[in-house]
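Student: I have not looked at this structure before. Could we go through it by question and answer?

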Amino acid sequence: MMGPLLVGIYVFVLSIFVGIEIITKIPPTLHTPLMSGANAISGITLVGSIGAASSGEVIASSILAFVAIVFATINVVGGFLVTDRMLGMFGKRKAKS
Amino acid sequence: MNNTLTTFVVPVLYLLSAVLFIFGLKGLTRVRSARRGNALASLAMLIAIVTTLLDLGFVDYQWIIAGLVIGGLVGAVAALKVEMTAMPEMVALFNGFGGGASALVALSILWKEVIEPSYTESAAAVLGGASAITAFLSILIGAITLSGSLIAFLKLSGKIGGQPTLLPARHVINSVIFLGCLAAGIYIGFFSHAPSAMVMAALVATILSLILGVLMVIPIGGADMPVIISFLNSLSGVAAAMTGFVLGNNVLIIAGALVGASGLILTQIMCVAMNRTLGNVLFSGFGQEGGSADSGEYTNVRSYSPEEAAMILETAESVVIVPGYGLAVAQAQHAVKELADLLQKRGVKVSYAIHPVAGRMPGHMNVLLAEADVPYEQLIEMERINPEFKTTDAVLVVGANDVVNPAAEKDPKSPIAGMPVLQVWEAQTVMMIKRSLSPGFAGIKNELFEYDNNMMVFGDAKKVLQEIVSEVKSLNAAA
């Protein structure tokens, strides 16, 4: 059996290839929404910060994790909303007609 | 029950989340499915968050809830209030927060697992060597992303000058700081035996990483921003993936890798569009040293009024509009759309030529014109529009300069030689709306200004366009 680190490296490398396959198909028109959408996805680190903040004590690790949650949530919520707003404009004309 | 939850339900839900992220990105390959793709990615994120909470079980939620509420409110307000023209700086800012969060998670874990229990061993001895290394990488890359994105935000929003700032011997300074940072990381990982020393080393590593981020972005000038923003985007993904390695959480690794790949490809596309390498963009300080030698005087420049421009547009059968960063600065996207509508009503064929690095981020012009309701089918990429300039009657260049400079093709000694440009000079008439004869970002002379088929229309892009619109209207009324 592979150790968890090796599994992680496998997953990382294969995901990069999946990413490359998909992203190269995205038309230049959508590059900005792609960037802000991908950006929001990088807020997945929120999952890590929630795990780290599970102690209720007021100690350095909790405070660091708390700030991490705030940052990551801004990234996630702001990123997805702003992308949706942008994409809404691309479809605006279609919706009217 | 609890056992099934952690060994089966939680991993399956994480897998579902990862798959949905991939489908979400896939949705972004078409305009029609893009919005749904973004919604799928948000759903994936929601599933990941709920799964994490499930996995935690009953813990003290006060920090978690407070963080989610504050972050959610700030993010939502910022996203809903931001002007479309301010999108590049908004994207940069959000990106910084993502990177910063990854660094903070790694720091938090270091504190929680090693420093607070007061172990007198190194991080590698407590967490394992791989986790110690990836935690350091997460801090390094995350902090660089945070401070680098903040500088990009300040530059893009005009709060600090967009000009490249070049420190003397900056490569030496950067190398020394990087080595110092690396030393602190190795100390934390393998040599520290006292919590207090580890705290110091962690602070040093974080601060040095933040400084590296600042130093990476301050030498970058305005027109290179699309490259650096894409690169920072990629880094924020890599930082998240590194955090995933520390936590042994595959969904972080997958999502982070996807973002890392996405940013890297955009970086590559932007570099190709400028005929430069990433290394050249990051380290050359282009735009300051670049051109001054070459920015000579102009001798044969003809200045025309908006009225004359209107008359040429009136008689044209095909018009191509070339938007640049100046269009965004003047917020002239609605004026340009009004003019295009007016011309189209008269049977003129109107299209827009989009250079990949026009503006300050990948796809900047597309978003700006979409806001003004310009149908995206009218936006033509460089490779497809270049052969059509020969048969185009009139080209209207609005706030672009370097991307239409013929020197890129004709002068092998030019600093921008080899950069793919829009061959607007092939058209019957070129009209450039520009505030002055000042050079573009590359700081070099644009011979196009002196071409016989080129007309300069001086003034603010929005004002000039509005004047042209009213001239075309009155010509219409007279006819």
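Predicted model: local features only at pLDDT ≥ 70, side-chain atom pairs only at ≥ 80, totals over all residues.

Student: How many of the residues of strand β5 of chain B are buried?

Tutor: Strand β5 covers residues 429-434 of chain B. Buried here means under 20% relative accessible area. The strand is mostly covered, and the number of its residues that are buried is six of six.

Student: In what sense do β5(B) and strand β6 of chain B pair?

Tutor: Strand β6 is made up of residues 454-458 of chain B, and five bridges join it to β5(B). Within this pairing, B:Val457 of β6(B) stands opposite B:Ile433. The sense of the pairing is parallel.

Student: What is the bridge partner of B:Leu396 in β5(B)?

Tutor: Strand β4 of chain B, residues 394-398, pairs with β5(B) in the parallel sense over five bridges. For B:Leu396, the bridge partner in β5(B) is B:Met431.

Student: Which residues have the most contacts inside the largest nonpolar core?

Tutor: The largest nonpolar core has 163 residues. Helix α4 of chain B, residues 87-115, gives the largest share of this core, 17 residues. Apart from it lies another core, of 39 residues, among them B:Leu379 and B:Val457. In the largest core, the residues with the most contacts are A:Ile44, B:Phe21, B:Val322 and B:Val424.

Student: Which residues of chain A is B:Phe21 in contact with, leaving aside neighbours within four places in sequence?

Tutor: With those neighbours left aside, the contacts of B:Phe21 include B:Ala41, B:Met45 and B:Leu258 in chain B. In chain A, B:Phe21 is in contact with A:Ile41 and A:Ile44.

Student: How many helices does the secondary structure of chain A have?

Tutor: From the N terminus on, the elements of chain A run α-α-α-α. There are zero strands, and the number of helices is four.

Student: Why is chain A said to be more spread out than a compact globule?

Tutor: For 97 residues the globule rule gives 13 Å, and chain A is well over that, so it is more spread out than a compact globule. Its C-alpha atoms fill a box of roughly 55 × 40 × 15 Å along the principal axes.

Notes. Residues numbered from 1 in each chain as written. Chains lettered and ligands numbered in written order. Heavy atoms only, no water. Helix = DSSP H or I, 4+ residues; strand = E, 2+ residues; numbered from the N terminus. Rg over C-alpha atoms; globule rule 2.2 N^0.38 Å. Buried < 20%, exposed > 50% of the residue type's maximum accessible area, 1.4 Å probe, protein only. Pairing = 2+ DSSP bridges. Core = buried A, V, L, I, M, F, W, Y, C linked by side-chain atoms within 4.5 Å. Contact = heavy atoms within 4.5 Å.
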